[in-house]
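Please keep the sequence and the structure in view while reading.

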Amino acid sequence: LFLMDIWKYNFNEIVKEYPIFYLKIKGKIYNKAIYATDEFKNYVEECGITGFTFKEVFDFENEDKEYE
């Protein structure tokens with residue numbers, strides 16, 4: 001079995017406990033992407049920290065939301 005791509009993210013509620021995380025598949029970080037919660041994103045923006053680019057990939061309040 002070989003993972004080619006992720007079409008839709010569906011994070012478990014436990015992810016809410018970790019403000020920043022990555023996906024590890026077969027011992028390797030998937031797509032070298034780092035994922036963060038809205039709380040982490042808001043904190044970074046409120047503090048004026050630069051160097052981050054955020055892209056929404058999942059919404060707990062609207063799990064059926066479609067993304068490009």
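## Salt bridge

A salt bridge is counted here when a side-chain nitrogen of Lys or Arg lies within 4 Å of a carboxyl oxygen of Asp or Glu. In this predicted model, a search of the whole structure finds 1 salt bridge. Glu45 forms a salt bridge with Lys41, and the closest N and O atoms of the two are 2.9 Å apart.

Both residues belong to helix H1, which covers residues 38–47, and they are 4 residues apart, or about one turn of the helix. Glu45 is partly exposed, at 46% relative accessibility, and Lys41 is likewise classed as partly exposed, at 27%.

## Overall architecture

The secondary structure consists of 1 helix and 2 strands, and from the N terminus the elements follow the order β-β-α. Of the 68 residues in the protein, 18% are buried. Among contacts between residues at least 6 apart in sequence, 31% join residues that are at least 24 apart.

The protein exposes about 6,300 Å², of which carbon and sulfur atoms supply 53%.

## Aromatic pairs

The count of aromatic pairs comes to 3. In one of them, the rings of Phe21 and Tyr35 have their centres 5.8 Å apart and their planes at 25 degrees, so the pair is stacked. This pair links distant parts of the chain, with Phe21 in strand E1 and Tyr35 in strand E2, 14 residues apart. Phe21 counts as buried, at 16% relative accessibility, and Tyr35 is also buried, with a relative accessible area of 8%.

Phe52 and Phe54 form another stacked aromatic pair, with 5.6 Å from centre to centre and 5 degrees between the planes. Phe52 is partly exposed, with a relative accessible area of 40%, and Phe54 counts as partly exposed at 30%. Together with Phe40, Phe52 and Phe54 form one aromatic cluster.

## Nonpolar surface patch

Which residues form a nonpolar patch on the surface? The patch is made up of Ile20, Tyr22, Ile29, Ile34, Tyr43, Ile49, Phe52 and Phe54, which together have about 780 Å² of accessible area. Strand E1 (20–25) and strand E2 (28–36) each supply at least two residues of this patch.

Ile29, one of the patch residues, lies in strand E2 and is partly exposed, with a relative accessible area of 42%. Phe52 and Phe54 also belong to the patch, and the stacked pair described above is formed by these two residues.

Key
Residues are numbered from 1 along each chain as its sequence is written. This is a predicted model: local features need pLDDT of at least 70, side-chain atom pairs count only at pLDDT 80 or more; totals for chains, interfaces and linings use all residues. Side-chain values use heavy atoms; hydrogens and water are left out. Patches are made of residues with over 30% relative accessible area and no salt bridge: like charges are joined within 9 Å, nonpolar side chains (Val, Leu, Ile, Met, Phe, Trp, Tyr) within 5 Å. Accessible areas come from the Shrake-Rupley method with a 1.4 Å probe; for residues, only the protein chains shown count as cover. Buried means under 20% relative accessible area, exposed over 50%, partly exposed in between (1.4 Å probe, protein chains only). Contact means heavy atoms within 4.5 Å. Rings of Phe, Tyr and Trp (its six-membered ring) pair if their centres lie within 6.5 Å; planes under 30 degrees apart count as stacked, over 60 as edge-to-face and the rest as tilted.
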